[in-house]
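Subject: Structure for your review

Dear colleague,

Please find below the structure that I am handing over to you. I would be grateful if you would read the notes with the structure open beside them.

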Protein chains: 2
Amino acid sequence: MTAPVFDRMAIIGIGLIGSSLARAVRAEGLARSIVCSDANPEHAARAKALGIVDEATTDPAEAAAGADLVMLCVPIGAYGSVAATIAPALKPGAILTDVGSVKQAVIEAVTPHLPEGVHFVPGHPLAGTEKSGPDSGFAALFPGRWCILTPLPGTDDTATRTVADLWRACGMTVERLEPDHHDRVLAITSHLPHLIAYTIVGTATDLEDHLRHEVIKYSASGFRDFTRIAGSDPTMWRDVFLNNREAVLDCLQRFTEDLTALQRAIRRGEGDVLFDLFTRTRAIRKGVQDARQA
Amino acid sequence: MTAPVFDRMAIIGIGLIGSSLARAVRAEGLARSIVCSDANPEHAARAKALGIVDEATTDPAEAAAGADLVMLCVPIGAYGSVAATIAPALKPGAILTDVGSVKQAVIEAVTPHLPEGVHFVPGHPLAGTEKSGPDSGFAALFPGRWCILTPLPGTDDTATRTVADLWRACGMTVERLEPDHHDRVLAITSHLPHLIAYTIVGTATDLEDHLRHEVIKYSASGFRDFTRIAGSDPTMWRDVFLNNREAVLDCLQRFTEDLTALQRAIRRGEGDVLFDLFTRTRAIRKGVQDARQA
């Protein structure tokens with residue numbers, strides 16, 4: 001692998017992921033110039049003040065103009081309008097790529113606006129925290145993590161390799177998946193866990209006042225992990241659920257059936273049903289640890 | 001507070017919590033002699049070999065005989081038979097206490113066997129990991145965590161203070177709660193999160209082979225946190241659910257209703273419902289962080 005060096009990289013949306021990428025690109029010298037845009041003028045100004053970008057604007061077309069690589073880091077719900085806005089500004093031969101947590105919906109939103117001669121390489125770095133905004137990013141977010149690219153049948157292979165090399169230069173291990181397969185895998189590994197965490201923390205907020213106070217006080221031992229996940233960005237996650245609806249609803253249906261079976265076992269005092277499941281899940285935990293993702 | 005020093009402390013069950021306590025008691029010089037028993041002869045022998053106890057046996061009555069403090073650290077389902085076994089061996093004035101995650105069921109299981117002149121102080125240190133066995137314990141498990149005591153109306157206050165001082169000497173902050181209140185708070189902060197984590201990891205194990213492989217491979221981003229929780233001890237957790245049945249089923253019912261409402265919002269594309277909840281849960285996360293439990 002040779003690390004790519006872009007003349008002008010545009011990062012559209014300078015939140016947690018966008019600002020982490022800007023920092024990594026800076027640290028690794030992967031672009032001669034980094035330009036960002038953000039719909040929030042305070043975030044754009046902050047990115048410039050932090051020195052992680054060379055130029056910052058609120059206009060995505062201005063940022064994308066003349067860039068040889070444009071990285072979409074906005075919530076998925078904004079992809080269609082952002083793609084329409086930047087399309088006329090994209091230079092021939094430019095690579096357009098993204099970091100969105102859903103891939104089929106992203107492809108559907110972007111491709112209608114794609115100008116001739118621009119290469120679109122959908123991507124998803126599996127990295128993040130529950131924090132938001134340009135101050136929360138850090139270059140060390142990426143090393144040791146997976147990045148999944150979901151190129152389309154017609155995608156230029158050189159463009160795909162360039163995007164892969166960019167993420168590898170940031171420390172990631174890059175894999176390719178079909179878009180629909182990506183969406184099913186992420187529905188269970190990421191989207192459903194987030195939905196459940198949001199739900200249980202929501203259930204706790206609806207408790208009587210004195211109980212809620214104690215739930216927060218004694219939040220160690222399980223609940224705390226859920227509050228961390230449920231502290232994630234509301235806009236980003238609303239858009240994920242609305243845009244990976246089928247896969248999420250399918251997972252959720254399976255989960256609910258399994259939970260109902262456990263509820264029944266508890267009500268009937270069937271300890272062996274519980275014990276058998278808990279033994280199986282412990283084996284899965286071991287698999288996750290052996291896969292060195294723990 | 002004056003740290004208590006026991007002549008002979010008996011730890012019944014030398015797993016994660018029991019062996020962590022033995023290490024802390026050793027480190028702080030809280031007992032002249034530490035004796036343990038474990039139903040698993042390998043665990044008993046291992047505790048002795050590790051040097052964290054002075055004597056080890058498989059007979060809880062032998063361990064409890066002559067002890068001035070007896071700490072039950074066995075799965076809750078074993079409390080009744082262990083209490084019956086050790087009762088004749090308990091010396092007058094001895095303190096019997098425990099670390100069980102449920103308190104009402106523990107009180108019901110133990111009190112019928114309690115000899116005259118023995119002080120029973122139900123307790124629950126809110127500390128743990130997903131690991132099991134005497135090798136997994138460590139003295140640093142306790143500092144900075146809460147310990148909840150649920151003394152009964154007739155409990156000798158000096159005995160309660162002695163148990164509180166023991167946990168404080170291990171670094172914990174001690175609070176008192178009513179047993180039924182403890183069980184409701186823990187149902188939502190600990191038991192329901194564990195049940196949900198077990199369920200979702202179980203749902204993932206039932207996926208088609210190739211999907212399951214990728215779920216493990218890409219387990220970062222949410223699922224991994226659940227596998228950690230779902231790697232917890234199967235016997236301990238089976239007993240928790242069977243013994244805090246009413247409170248767990250009540251929480252579970254509320255959770256299921258809330259999840260169904262979210263499922264409906266996703267199916268109908270009601271982004272505002274999702275956004276509102278995710279904004280509320282982010283505020284709860286902030287509350288947890290402000291409570292310094294994050």
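The notes below describe how the two chains meet and how one chain is divided.

Please bear in mind that this is a predicted model.

**How the two chains are related**

Chain B can be laid on chain A by a turn of 180 degrees, with a shift of 0.0 Å along the axis and an RMSD of 0.0 Å. This is therefore the relation of a two-fold axis. Within chain B, the C-alpha nearest that axis belongs to B:Asp225, at 3.5 Å from it. Both copies use the same surface, since 100% of the contact residues of chain B recur in chain A.

**Where chain B meets chain A**

Each chain brings 94 residues to the contact. The area buried between chain B and chain A is about 9000 Å², and carbon and sulfur atoms give 68% of that area. Three residues, B:Tyr218, B:Ile266 and B:Arg282, supply 8% of what chain B buries against chain A, which is more than any other three residues supply.

There are 14 salt bridges between the two chains. One salt bridge joins the side chains of B:Glu208 and A:Arg254, at 3.8 Å from N to O.

Several elements of chain B supply at least two residues each to the side that touches chain A, among them strand E8 (146-149), helix H8 (209-217) and helix H12 (271-290). Helix H7 of chain B gives the most, with 20 residues. By class, this side of chain B has 44 nonpolar, 26 polar and 24 charged residues.

**Inside chain A**

Chain A is divided into domain 1 (6-177) and domain 2 (181-290). The centres of these two domains, taken over C-alpha atoms, are separated by 30 Å. In the contact between them, 16 residues of domain 1 meet 15 residues of domain 2.

The two domains of chain A bury about 1300 Å² between them, of which carbon and sulfur atoms give 63%. A:Ser101, A:Val102 and A:Glu130 supply 39% of the area that domain 1 buries against domain 2, more than any other three residues.

A:Glu130 also has a part in a salt bridge, in which its side chain meets that of A:Arg228 at 3.5 Å, N to O. The count between the two domains of chain A is one salt bridge, and six residue pairs are in polar contact across this interface.

Yours sincerely,

A colleague

Conventions. Residues numbered from 1 in each chain as written. Chains lettered and ligands numbered in written order. Predicted model: local features only at pLDDT ≥ 70, side-chain atom pairs only at ≥ 80, totals over all residues. Heavy atoms only, no water. Least-squares fit on C-alpha atoms with pLDDT ≥ 70 in both. Contact = heavy atoms within 4.5 Å. Buried area = accessible area lost by both parts, 1.4 Å probe. Salt bridge = Lys/Arg side-chain N within 4 Å of Asp/Glu carboxyl O. Helix = DSSP H or I, 4+ residues; strand = E, 2+ residues; numbered from the N terminus. Nonpolar A, V, L, I, M, F, W, Y, C, P; charged D, E, K, R; others polar. Domains from an automatic or database assignment. Polar contact = N/O pair within 3.5 Å; in protein donor to acceptor, adjacent residues only side chain to side chain.
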